Amino acid sequence: MAAWWVLPAAYALDRLLGDPRWLPHPVIGMGKAIAAVEALLRRLFRPRHYRAAGLLLPLIVVGGSFTLTWAMLYLLAQVSPWLSAAAEAIVIWTTIASKGLRDAGMEVCAQLCKGDLPAARRSLGMIVGRDTGHLAEPEIARGAVETVAENIVDAIVSPLFFALLGGAPLAIAYRAVNTLDSMVGYKNDKYIDLGWASARLDDVANYIPARITALMLFLGAWLMRLDVKGAVRAVRRDAPKHPSPNSGYPEAAVAGALGIQLGGENSYHGVVSVRAHMGEKTRELNGEDIPSTVGLMFFAANTAVLLGMLIAFWVNGGWHWI
């Protein structure tokens, strides 16, 4: 397990710098690797064998990501343990996206507060896949709240969880799993066989972090004087209804805490899709629900980092720097 200060350092870098364009991001390399491996597997296997090839895709990409990161840190440790530890913090930083998530949500909020619905729709369209061209303010706010809430797990808690368990190599492996799911984890004709294992692996990887996140959101709702009972009730009743086995937990917790209803009707390229509701509709959503969701997000992130630091302190036997 990494030294106690590595997770807080990685998180601090994310809060301060986010995802700067000058820093090469591992996800870009992962995306290229996934595309290359997919093309290779499609050449090597016939369509009737794509389901078997679907097992190889995450094995190669996730295993390769873990191995390359471990090898880099091992070589750096031969030069200096401090250099390896610093590199580990930097690598973990690239797996977290709290500032980017906050900025994306608050940009939508700023446009709504100015009453500029066309700009708010465009800002929302940058972070969601649904059609946003004709959305009213409550639906724009819903899209932003859902995006921030759902990604508390994928972009923050899960990377920190795996970084705590296995340092930067496991955090990068998780990010590879998540990237695979976003690229090939679709139930369509193209990926129903080749992407099934990647989608299932993402569900498994996020299973525990999603439920830990819900617990942290309950605590956050209580400390922020929101409706903690509503959050617990919404998670128990609505989270299992979500099409994802994990995304319903943070979404339902946020919806219940704020007294709003998420889910419902969305349009994707003109095709209407209806998703189960999360929470109870006690009022219409508005732009102010976005900063409230961001506040809950940061509470969960801060709690995850603090718990990780304390666990690392306990496992490593004290405040050892290396």
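Are Glu-146 and Arg-142 buried or exposed in this structure? Both Glu-146 and Arg-142 are buried, where buried stands for under 20% relative accessible area, exposed for over 50%, and partly exposed for what lies in between, with a 1.4 Å probe and protein chains only.

Before I go on, a word on what we are looking at. This is a predicted model, in which local features need pLDDT of at least 70 and side-chain atom pairs count only at pLDDT 80 or more, while totals for chains, interfaces and linings use all residues. Residues are numbered from 1 along each chain as its sequence is written, and side-chain values use heavy atoms, with hydrogens and water left out.

Let me stay with Glu-146 for a moment. Side chains of opposite charge can pair when their charged atoms come close. The side chain of Glu-146 meets that of Arg-142 in a salt bridge, at 2.9 Å from N to O; the term is used here for a side-chain nitrogen of Lys or Arg within 4 Å of a carboxyl oxygen of Asp or Glu. Because Glu-146 and Arg-142 are 4 residues apart in helix H7, about one helical turn separates them. Helices here are DSSP runs of H or I with at least four residues, strands are runs of E with at least two, and both are numbered from the N terminus.

Glu-146 also forms a salt bridge with Arg-275, and here the closest N and O atoms are 3.6 Å apart. This pair links distant parts of the chain, since Glu-146 sits in helix H7 and Arg-275 in strand E2 (residues 271-278), 129 residues apart. Like Glu-146, Arg-275 is buried. These residues belong to a network of salt bridges that links Arg-130, Glu-139, Arg-142, Glu-146, Glu-251 and Arg-275.

How many salt bridges does the count come to by this rule? The count is 14, and one further example is the pair of Asp-238 and Arg-237, whose side chains meet at 2.8 Å, N to O. In that pair, Asp-238 counts as buried because its relative accessibility is 2%, whereas Arg-237, at 32%, counts as partly exposed.

I turn now to the spaces inside the model. On a 1 Å grid over the protein atoms alone, a cavity is a set of points where a 1.4 Å probe fits but cannot get out, and a pocket is an open set with protein on both sides within 12 Å along at least five of seven lines; residues count as lining when they have an atom within 4 Å of a point. Volumes are the space filled by probe spheres set on the points, and the points are joined across faces, edges and corners.

The structure holds 1 cavity of 30 Å³ or more. Its lining is made by Met-1, Ala-2, Ala-3, Val-6, Leu-7, Ala-163, Leu-164 and Ala-312, and the elements that give two or more residues to this lining are helix H1 (6-17) and H7. By class, the lining residues of this largest cavity are 8 nonpolar, no polar and no charged, with Ala, Val, Leu, Ile, Met, Phe, Trp, Tyr, Cys and Pro taken as nonpolar, Asp, Glu, Lys and Arg as charged, and the others, Gly among them, as polar.

Helices H3 (50-79), H4 (81-95) and H7 (137-184) each supply at least two residues of its lining, which divides into 12 nonpolar, 5 polar and 1 charged.

Leu-76 is found in helix H3 and Ala-87 in helix H4; 11 residues apart along the chain, their C-alpha atoms are separated by 8.2 Å. Leu-76 counts as partly exposed because its relative accessibility is 22%, while Ala-87, at 14%, counts as buried. Ala-87 and Val-6 are 81 residues apart in sequence, yet their C-alpha atoms are 9.5 Å apart in space.

Val-315 lies in helix H11 (residues 289-316) and is partly exposed, with a relative accessible area of 45%.
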